[in-house]
Amino acid sequence: MTFTVAIDGPAAAGKGTISREVAAHFGYAHLDTGLLYRATGRRTLDGTDPVEAARTLGPGDLGADDLRTPEVAQAASRVAAIPEVREALVDFQRAFATRSGGAVLDGRDIGTVICPDAQVKLFVTASDDIRATRRLIELTDKGHDISFEQVLDDLRQRDARDSARTTAPLKAAEDAVLLDTSELSIKDAVDLAIEIISERQG
Ligand code: C5P
């Protein structure tokens, strides 16, 4: 059985948590596609060519422990605007999406480009302030010394770049269900996502 859930949205809107929890609930595999771009972007900080970095990504790159920093996030968003970088990462994502047993993929272009035929598409959003607050807590919990303004700035810059690029920009698929998590607890957002997916499973 293949069953694909595509979860897109801007940075720190809650996609990651929702995807993880939903995958655990249904016993589906989960792929955080942002990690592919973060790992590619991180390699460019060492001087590697972005296209070469994307084509030769390995498990070691994806397991690096500094992929969550704003510096790497910015590098990810810069390489993500390069069509050849995106092209190099397509096959892996599509193969993951169609593995048997069900899959949840979260990113920016899953419902629009990677899996246009996904059985369920969610577009997760939240206000800028809420997103920055959540990301700030996440980063300070991990020991990063960063201010609210720096986090907000990173999110806004990335959203602007991700939305403006020509190839696979950040946008909701026409048939995506919008899920605004600004006023929802994590549990309520996850429960809502589970409800929407259950309905589609028939
Ligand atoms: O989701 P995350 O914040 O980890 O993504 C980091 C960056 O990777 C995003 O800002 C975006 O530029 C890029 N990305 C993308 N397409 C995806 C997933 C992430 O362009 N499917």
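This is a predicted model: local features need pLDDT of at least 70, side-chain atom pairs count only at pLDDT 80 or more; totals for chains, interfaces and linings use all residues.
Trainee: How do you know that strand β2 (residues 29–32) is joined to β3?

Mentor: The two run parallel and 4 bridges join them, and because strands pair once DSSP finds at least two bridges between them, this counts as a pairing. Within it, Leu-31 has Leu-105 of β3 as its bridge partner. Residues are numbered from 1 along each chain as its sequence is written, and side-chain values use heavy atoms, leaving out hydrogens and water.

Trainee: Why is strand β3 (residues 103–107) called largely enclosed?

Mentor: Buried means under 20% relative accessible area, exposed means over 50%, and partly exposed lies in between (1.4 Å probe, protein chains only). In β3, 5 of the 5 residues are buried, so the strand is largely enclosed by the rest of the structure. Both sides take part: Ala-103, Leu-105 and Gly-107 point one way, Val-104 and Asp-106 point the other way, and all are buried.

Trainee: Which residue in β3 is the bridge partner of Asp-8?

Mentor: Asp-8 is partnered with Gly-107 there, and strand β1 (residues 4–8) pairs with β3 in the parallel sense over 5 bridges. In β4, the bridge partner of Asp-8 is Phe-123, and β1 and β4 pair over 4 bridges, again in the parallel sense.

Trainee: What makes strand β4 (residues 120–125) mostly covered?

Mentor: Of its 6 residues, 5 are buried. Strand β4 also pairs with strand β5 (residues 177–180), in the parallel sense and over 4 bridges, with Thr-125 standing opposite Asp-180 in β5.

Trainee: Why does Arg-131 count as buried?

Mentor: Its relative accessibility is 3%, and it is therefore counted as buried. Arg-131 belongs to helix α8 (residues 128–141), and its side chain reaches the backbone oxygen of Ala-11 at 2.6 Å and makes a polar contact with the side chain of Asp-128 at 2.9 Å. A polar contact is a pair of N or O atoms within 3.5 Å; within protein, one must be able to donate a hydrogen and the other to accept it, and residues adjacent in sequence count only if both atoms are side-chain atoms.

Trainee: Why does Asp-188 count as partly exposed rather than buried?

Mentor: Asp-188, found in helix α10 (residues 186–201), has 41% relative accessibility and so falls in the partly exposed class.

Trainee: Which residues come nearest to the ligand?

Mentor: Arg-38, Arg-86, Arg-108, Arg-158 and Asp-162 come nearest, out of the 15 residues around the ligand, where a residue is near if one of its heavy atoms lies within 4 Å. Helix α2 (34–45) is one of the elements that each supply at least two residues of this shell, and α2 gives the largest share, 3 residues.
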